[in-house]
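Here is a short briefing on a structure, for reading alongside the sequence and the coordinates.

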Amino acid sequence: MASVTLKNIKKNYTKDVTVIKNVSLDIQDGEFVVFVGPSGCGKSTMLRMIAGLEDITAGELYIGDTLANDVHASKRGIAMVFQSYALYPHMSCAENMGFALKLAGTPKAEIDERVKKAAEILEITHLLDRKPKALSGGQRQRVAIGRAIVRNPKVFLFDEPLSNLDAALRLNMRVELSKLHQELKTTMIYVTHDQVEAMTLADRIVVFHAGLIQQVGTPLDMYDNPSNLFVAGFLGSPKMNLLEAEVVAASATEVTVKLPKGLVVRSAVDGSNAKPGDKVTMGIRAEHMRLVEEGTPEALPARVDLIEHLGDIVLAYIEIPGINQILCMKLPASMTNLKYGDAINLVFPKEETMLFDAEGLALKRIR
Amino acid sequence: MADQSKFWRTVIYGVLFLVAVYYLLPLYVMLTTSVKSMDEIRAGNLLSLPLDITFAAWSKAWSSACTGVDCGGLAPYFWNSVMMVIPAVAISTVLGAVNGYVLSKWQFRGSEVVFAMILFGVFIPFQVLLLPMAQTLGVFGMASSISGLVFVHVVCGLASTTLFFRNYYVGIPDELIKAARLDGAGFWRIFFRIILPMSTPILTVTVIWQFTQIWNDFLFGVVFSSIESRPITVGLNNLANTSTSVKEYNVDMAAALIAALPTIVVYVLAGKYFVRGLTAGAVKG
C-alpha cells in the first residue's frame, strides 16, 4: 500500500502538443480516487504515466516515498486493469493471472496459491482452466481484475474498466469494485468518463479538463460546490441548467440577477466582488427548481415542452417565455398529469441557485 | 419462391461444376499422360484413360531423363530446390514476423515511412533487380551458389512477409502489449510468449505463400545459379527443351508433376489455415 504524489506533472507529445499542462495531486494511502472528464481531457494519459506506460515530460511522480519517474512499469508496484481486459488469448485464466509472477521467477506453488486466493475473492475459481474466449464480458473483466490482485500491488489502476460491459452488468461490477476496495484497502486510481461511476465509487473525484485539474473533492462536495462552470456542467445528470444573466444588486450574502425579459432571481452567494452590470451565468440543478401555485412571490411563468416518465421520477423540459433555452426539471413520479403545453409557475430557491462569473468561476455559496 | 431459389441454386452449382471441370482438365491430362506408354500416347487419345498403367515415365523423369548433356533426371534439381526453399522460407518468415511486430507494436519516429518503403518492395518487378543483385552476390562471394539463391529469395520475400505480419499484428490490441509490459515482459519476451503463440494463422499463410513463391521461381533460379545449384524449375525447363529423336510427353508430364508436387502437398496440409488466416480479422481478447 502506498500514497501517490504528483508534482507539477507535464506531458508533451511533440513540442506543440501538450496533453497534460501542469498537474499536482496528493493521493492518500488506501484512497479510491476517480479521474473523470470528457474524452481527450488527459485523464487516461495521466493514468498511463503513473503506470509507466508513457514517459513523464516534466515533474515528479512519487509512489510511496520513491521517485518513480524512471522506474520501469513492472517495478513500480502497480497493477492495471484495461478497458478491453487485455487478457492473453492463448493462455488459460490461471496462466493469465499468474503470468507476471511467472516472469518474475516466483515458485510455482506460490503462484498457484496466490492465483487461487485471488480467484476466491472474485468468485472465479471455476473459470480458472478456461481460455478467455470461453468467458462472457463480465467474467473476463473479473479475470483481468484477478490478474491485478495476484500481483499484490501497492496501487491499482483502472482504465475505464466497465465501459465495455452492458448497463446491468456495469452496475453490478461497480458495486463489486466498491466492495473489493473495502476488502483490500489498497490505493486505487480509476479513470472514467462516466460521472455516475465517479460519484458512486470515489472517495475523492478529480475532474480533468483540457490537461488541467479543474477541481478535487469528495463527490458530494463537488456536486454541491462546483468551483467552476465546467465542473458544474459535468457532474450531475441531467446536466445543471445554466442561464446567461446580469447582476442587478450584490451584497456579501446575496446577489440579485436579471434574466432576459427582466425576470429577477436571487441567489445566496458571496457577491463582495460582483457589481451591478456584471455578466454572470446562473446555474440551478434540475431537482432544485420548485413548481408553485400561480401568484406565489418571485414565481416565473413557464410552459411545458416535453415530459419524460422514468418511473421513479418525472423529467419535465420547460421553456420560460423570452428565454430561448430549454430547462430540465426533476419532479416526483406522482406528477403524472403534466402534459405538453401546460402553463406552470416555478421558483428558483435562492439557497440552491449558483452564480458563475465571466471567467466561469463560482461565487462562494452562503449556506 | 422456394422452387425458384432451388432452380437458381442448381444453376449456380452447375456453372461451378463446369468451371471446375474445365480448370481440372489439364491436371487430368497430365496425370493420365504421365502413366501411359509412348505407344499409347501416339495413338492420339489425349483424353482417354490409360489402358495400361506404367510408372516408367516417372522413374525416368526422376532419375535418368536428359537435361541438356547430363542424363541424371530431376532428382539433383529437386534436392537443390529443397535445400534452397527451407532456409529461404524460414529466414524470410522469421524476419517478416519481427519486422511486422516492430512496425505495428513498437513504432518509432519514421516507422510508417519505413513501412511504406518496405511496401514498395512488393510492387517492384523482380527483373529490375537482376543486375544489381548479381553485383551484390558477386561482392558477397555468393554468386551461383544455393546460399546466394537463399539470400535473393529472403530479400525479395521480406516485403510480402513484413506486410503480412504487420497487418495481422495491427489487429492485436495494443493494450495486450501494455499489459505484458506491466507484467514485466520485455521486447523479446512479449514477442515469444504473447505474439508468436497468437500468430499460427498468419505463420501458415506466410509459409505457404513463401514456399510457393520460392519453389516456383524460375527467374532467379535461371539467372543466379550454376550447374550444381540449379533449382527444379530450371531442371524442368531444361528437361522439356532437350530434344532427342522423340518427344517423350509422358516423361515431360511426370517431370512437371514432380516439380509441382511439393507445393500441392503444402497447400493440402495447411490449406484450411490459409483461408482462415487470410480472412481472420482482429483477434478478440
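Predicted model: local features only at pLDDT ≥ 70, side-chain atom pairs only at ≥ 80, totals over all residues.

Residues are numbered from 1 along each chain as its sequence is written, and chains are lettered from A and ligands numbered from 1 in the order in which they are written.

**Nonpolar cores**

- A nonpolar core is a set of buried Ala, Val, Leu, Ile, Met, Phe, Trp, Tyr and Cys residues joined through C-beta atoms within 7 Å.
- A residue is buried if 20 or more other C-beta atoms lie within 10 Å of its own, exposed if 12 or fewer, and partly exposed in between, with C-beta atoms placed from the backbone.
- The largest nonpolar core has 149 residues, and V34(A), F35(A), I50(A), M80(A), L157(A), I189(A) and L355(A) have the most contacts inside it.
- Helix α7 (residues 146-170) of chain B gives the largest share of this core, 14 residues; helices (H or I, at least four residues) and strands (E, at least two) are DSSP runs, numbered from the N terminus.
- Another core, of 16 residues, lies apart from the largest one and includes A57(B), L74(B), I232(B) and A255(B).
- Beyond its neighbours within four places in sequence, V34(A) has contacts that include Y190(A), T192(A), A198(A) and L201(A); a contact means C-beta atoms, placed from the backbone, within 7 Å.

**Domains of chain A**

- Chain A is assigned domain 1 (4-227) and domain 2 (241-356), with bounds from an automatic or database domain assignment.
- The C-alpha centres of these two domains are 40 Å apart.

**Contact between the chains**

- Chain A contributes 20 residues to the contact and chain B contributes 17.
- On the side of chain A that touches chain B, β6 (78-81) and α2 (93-103) each supply at least two residues.
- The largest share of that side, three residues, comes from α2(A).

**Helix α8 of chain B**

- Helix α8 (residues 174-182) of chain B is largely enclosed by the rest of the structure, because seven of its nine residues are buried.
- Among the buried residues of α8(B) are the charged side chains K178(B) and R181(B).
- The cover over the buried residues of α8(B) includes α1 (43-51) and β6 of chain A, and α4 (75-105) and α9 (187-195) of chain B.

**M199 of chain A**

- M199(A) lies in helix α6 (residues 195-201) of chain A and counts as partly exposed because it has 18 C-beta neighbours inside 10 Å.
- Leaving aside neighbours within four places in sequence, M199(A) contacts P219(A) and L235(A).

Methods: Contact = placed C-beta atoms within 7 Å.
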